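This report describes a helix contact and the pockets of the model shown below.

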Amino acid sequence: MVANIALPRLMRAGGGAIHEAGSLVSDLGGHRPLIVTDAYMVASGVVSSLIETLRKSGLSVAVFSGTVPDPTTDSLSDGVRAVNEHEADIIIGLGGGSAIDTAKALGILSRQGGEMRDYKAPRNNTGPALPVVAIPTTAGSGSEATQFTIISDSETGEKMLCAGIAFLPAAAVIDHTLTLSMPPRLTADTGIDALTHAIEAFVSKKASPFSDAFALSAIKTIGTNLRKVYEDGSNQAAREAMMLAATQAGIAFSNSSVALVHGMSRPIGAHFHVAHGLANAMLFPAVTEFSVTAAESRYAECARALGVASAAATDREASVALVAELHAINADLDVPTPEVFGIDRHAWESKLPLMAEQALSSGSPANNPVIPDAQQIQDIYASIYA
């Protein structure tokens, strides 16, 4: 099998890397960057600091701060207008996965027009698009290094997966100091999101030796640091490790794929407004238990990288230990069930057929070691409710 490898053209990683954003934009040939971010980033002072950095490099800067959590097609209209009014030649996505996904969507819409649903999977989007510089402020989505963006259709509620090289950022700034203010809940959800990316990339039917190396490195790092950073958000070494692991996991799944967890988590987010990383966490143990027997040796390698199985353990013992560890992580990081989160049982059960249909239509379940049918997906949804 020939693996298709795609990475951002440039990456700057390390504490304080955000202060090199101006020279990075200039290196890419940009002159008129538009910062795409949210109101919190503006209020926190991060945006004003970034503007100062960019202006010191002689750049003409504008800001669009209308990014919303789990971006929708409706939320993109003002952003496209901001790109055009500023005559932006490069977009800087600053924030969590939602801000970076918004920046990617604006990059393609501002060049090609149309509606976002025109670009959803299975279409492979190759461009043209304005270049994007991604600056993540959470350690989870990996969006700074992926060929994907997730946008919810405001009319249908569908959380659309949009894929292709047109969505890959031209550059990324990986600065862990931007994550130091993350609260424990966000730290947990984004950390488990990164772990999900790494493990799904490794067990995916599209995995390659290239993606495997990044996935296993991320799994090992997350296993060592996730609980540490949840317990003490000021632990700079753990923050830096998690930030790099999230990017590694992003590279892994961008060049492999995600699988059933992600296919099932998107409808949960769309219908019940559960944050993406948290929806993944709710599903991760159950989906892994469903899938593990079809790729026991691959899941066993994940368990050994995570540090919950020795080299001497059999693949069966290691894969069982992995499932147990995923349950333990959810318990230690206080991941709620859908019921504890506050979702009404009747509302949950009534959506199961539609959520199963939407999960399958995304294409991600086809990459899973076990390809489920709609009833099996409904059964998994039902099993995690309480």
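## Helix contact and pockets

Gly263, Met264, Pro267, Ile268, His271 and Phe272 of H9 meet Ala347, Trp348, Lys351, Leu354, Met355, Gln358 and Ala359 of H14 (contact: heavy atoms within 4.5 Å; helices: DSSP runs of H or I, at least four residues, numbered from the N terminus). This is a predicted model, in which local features need pLDDT of at least 70 and side-chain atom pairs pLDDT 80 or more, while totals for chains, interfaces and linings use all residues. Residues are numbered from 1 along each chain as its sequence is written, and side-chain values use heavy atoms, without hydrogens and water.

By class, the contact of H9 with H14 has nine nonpolar, three polar and one charged residues (nonpolar: Ala, Val, Leu, Ile, Met, Phe, Trp, Tyr, Cys and Pro; charged: Asp, Glu, Lys and Arg; polar: the others, Gly among them). The axes of H9 and H14 (residues 345-361) come within 9 Å and cross at roughly 130° (lines fitted to C-alpha atoms over the stretch in contact, with angles from 0 to 180 degrees between N-to-C directions).

| Largest | about 1,000 Å³ | Gly96, Gly97, Ser98, Thr138, Leu186 |

A pocket is an open set of points on a 1 Å grid where a 1.4 Å probe fits, with protein on both sides within 12 Å along at least five of seven lines; lining residues have an atom within 4 Å of a point. A volume is the space filled by probe spheres set on the points, which are joined across faces, edges and corners. H6 gives the most to the lining of the largest pocket, with six residues.

Notes
Helix = DSSP H or I, 4+ residues; strand = E, 2+ residues; numbered from the N terminus.
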